[in-house]
Amino acid sequence: MMIKIKLPDESVKEYEKGVSVGDVTKDISEGLFRSAVGAVVNGKVMGYAEPINEDSDFKVVKFEDKEGKEIFWHTSSHLMAAAIKEMWPEAKFAIGPAIDNGFYYDIDLEHRFVPEDLPKIEAKMKEIAKKDLKMVRKEISRAEALEYFKKENQEYKVELIEDLPEDELITLYEMGDNVFVDLCKGPHLLSTKSIKAVKLNSIAGAYWRGDSDRKMLQRIYGISFEKKNN
């Protein structure tokens, strides 16, 4: 089945249903593909790995765009989690979104983070980013997702999955070869290599799901850029 993709200049291209955002962008221009990070598709911010399944308006976005920063900073939150996982393998991860001025991740860990930890985590993030690890999107069943995160002892992910509707499409993003796997809808960069500069700003407390009757987690805030001199 073919779908129609309408570009900002009103031109229309046809592709097979399920074509990825990245493949559409690359078809428009190889140079654009290299400089952009994703697209807004029918008003939804999407990373290069995500499929398009219906006729859509399509606008490519770069880091300097608000939507591009959302993609960039979301992957950066996963990168921070990957660094923390390598440094503290027992860490349990809650949620890690992009926000208006960067990103954060909520973490359950016996070790209490202190400001002196932040430069060490930054260094580990840069080390991992340089490895050019791919962000691989995977669609899996609810049962498979529950089995995986129970095996990994990630109780917060298990709770999130159990609260999803039975027919919800579940997607994971895997960074590299099991460097970090997260329950996530995206959007994400294709690879970690675009993240050239990282600054972790602060540590705070945050109740799980904003409920003061639940456990207090540790939240680390950060920001990242595609150039080292930002």
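Visitor: Where do Lys 124 and Glu 127 lie, and how far apart are they in the chain?

Guide: In this predicted model, both residues belong to helix 4, which covers residues 117–129. They are three residues apart, about one turn of the helix.

Visitor: What makes Lys 124 and Glu 127 a salt bridge?

Guide: Look at the closest N and O atoms of Lys 124 and Glu 127, which are 3.3 Å apart. The rule asks for a side-chain nitrogen of Lys or Arg within 4 Å of a carboxyl oxygen of Asp or Glu. At 3.3 Å, the pair meets that limit, so it is called a salt bridge. A search of the whole structure finds 18 salt bridges.

Visitor: How many salt bridges does the rule find across the interface of domain 1 and domain 2?

Guide: Zero salt bridges are found there.

Visitor: How do you know that domain 1 and domain 2 are in contact?

Guide: Contact means heavy atoms within 4.5 Å, and 13 residues of domain 1 are in contact with 11 residues of domain 2. Together, the two domains bury about 860 Å² between them, with 70% of that area on carbon and sulfur atoms. On the side of domain 1 that touches domain 2, strand 4 and strand 5 are the elements that give two or more residues. Strand 5 gives the most, with three residues. For orientation, domain 1 spans 2–62 and domain 2 spans 68–225. Their centres, taken over C-alpha atoms, are separated by 26 Å.

Visitor: Why are strand 2 and strand 5 called edge strands?

Guide: The open sheet has five strands in the order 2-1-7-4-5, with mixed pairing. Strand 2 (12–16) and strand 5 (44–47) each pair on one side only. Neighbouring strands of this sheet are turned by 35° against each other on average, direction ignored. Helix 1 (residues 21–28) lies across strands 1, 2, 4, 5 and 7, and runs at about 75° to strand 7 (56–61).

Visitor: What makes Asp 132 stand out?

Guide: Most residues other than glycine have a negative phi. Asp 132 is a residue other than glycine, and its phi is near 55°, a positive value. Asp 132 is found in the loop between helix 4 and strand 11 (135–140).

Visitor: Is the peptide bond from Gly 186 to Pro 187 cis or trans?

Guide: This bond is cis, with omega near 0°. Most peptide bonds are trans. Pro 187 sits in the loop between strand 13 (180–183) and strand 14 (197–207).

Conventions. Residues numbered from 1 in each chain as written. Predicted model: local features only at pLDDT ≥ 70, side-chain atom pairs only at ≥ 80, totals over all residues. Heavy atoms only, no water. Pairing = 2+ DSSP bridges. Helix = DSSP H or I, 4+ residues; strand = E, 2+ residues; numbered from the N terminus. Axes fitted to C-alpha atoms, helices over the stretch in contact; angles between N-to-C directions. Domains from an automatic or database assignment. Buried area = accessible area lost by both parts, 1.4 Å probe.
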